[in-house]
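Hi,

Here is the structure I promised to pass on. Have a look at it first, and then read my notes below.

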Amino acid sequence: MALRPVREDDLATIEDLQVNPERTGEFAWFGWRDVRAWRRRWEENGLLHPEQGTLMVVRAAESLGFVTWRTIHRTTASTNLSIGIGMLPEARGHGYGTQAHRLIARYLFAHTLVHRIEADTEVENIAEQRALEKAGFVREGVTRSCAWRDGAWRDGVTYSLLRTDPPV
């Protein structure tokens, strides 16, 4: 498995995982969105910007999904990154998500000065929690009613990985 920059022909996969409720998965469907937003950002900067980015998760020539990151400014002197993942339904349940989390963390630690990478998921998203833990992320705690999805407020779980944590 590897990560690579998003190509124009990848945009259909990303858009499908964002706006197709049959493909997004239970925890990633947030209603209809502007499907062209990804294409506009890709045309502007190839989905690679100092504040946020997206890379494809691939195995040989096969796209499995994508990973994202965005900058979180905690103070004027500290910046963290928050990561996310979207895997195709046929790629779920095979350990690819765990490996994708490892790859994006290694990439970000190798190419940025960030010390802390964060990931959030819903309390009920056990598969994502397991993938994060297997990738070396540490569960920090529950954030009550932090996300609105499917007509209800949902509790979230925050995970982190520090540059100084032992590699997994």
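Before the notes, one term: a crossing of two helices counts as right-handed if the near helix is turned clockwise from the far one by less than a right angle, and as left-handed if the turn is anticlockwise. Also keep in mind that this is a predicted model.

With that in hand, start with helices H1 and H3. Their crossing is right-handed. H1 covers residues 11–19 and H3 covers residues 36–45, and their axes come within 9 Å and cross at roughly 145°. Which residues meet there? From H1 you'll find Leu 11, Ala 12, Ile 14, Glu 15 and Gln 18, and on the H3 side Trp 38, Arg 39 and Trp 42. Sorted by class, that contact has 5 nonpolar, 1 polar and 2 charged residues.

Now for the chain as a whole. The UniProt record, an unreviewed entry, lists residues 1–164 as "domain: N-acetyltransferase". Over that stretch the chain is 29% helix and 41% strand, with the end C-alpha atoms 24 Å apart.

Then there are the pockets. The largest one holds about 1600 Å³ of space. It is lined by 49 residues, and those nearest its centre are Phe 27, Ala 28, Gly 84, Ile 85 and Asp 120. Strand E5 (residues 78–87) provides the largest share of that lining, 6 residues. By class, the lining of the largest pocket has 18 nonpolar, 21 polar and 10 charged residues.

The second largest pocket has about 180 Å³ of space. What lines it? Among the lining residues are Arg 102, Ala 105, Arg 106 and Phe 109, along with Ala 135, Leu 161, Leu 162 and Arg 163, and also Asp 165, Pro 166, Pro 167 and Val 168. Helix H4 (96–111) and strand E8 (152–162) each supply at least two residues of this lining, and H4 gives the most, with 4 residues. The lining of the second largest pocket divides into 8 nonpolar and 4 charged residues, with no polar ones.

Cheers

Terms used:
Residues numbered from 1 in each chain as written. Predicted model: local features only at pLDDT ≥ 70, side-chain atom pairs only at ≥ 80, totals over all residues. Heavy atoms only, no water. UniProt positions renumbered as here; feature names shortened; annotations may be inferred. Axes fitted to C-alpha atoms, helices over the stretch in contact; angles between N-to-C directions. Contact = heavy atoms within 4.5 Å. Nonpolar A, V, L, I, M, F, W, Y, C, P; charged D, E, K, R; others polar. 1 Å grid on protein atoms, 1.4 Å probe; cavity = no way out; pocket = protein on both sides within 12 Å on 5 of 7 lines; lining within 4 Å. Points joined across faces, edges and corners; volume = space filled by probe spheres on them.
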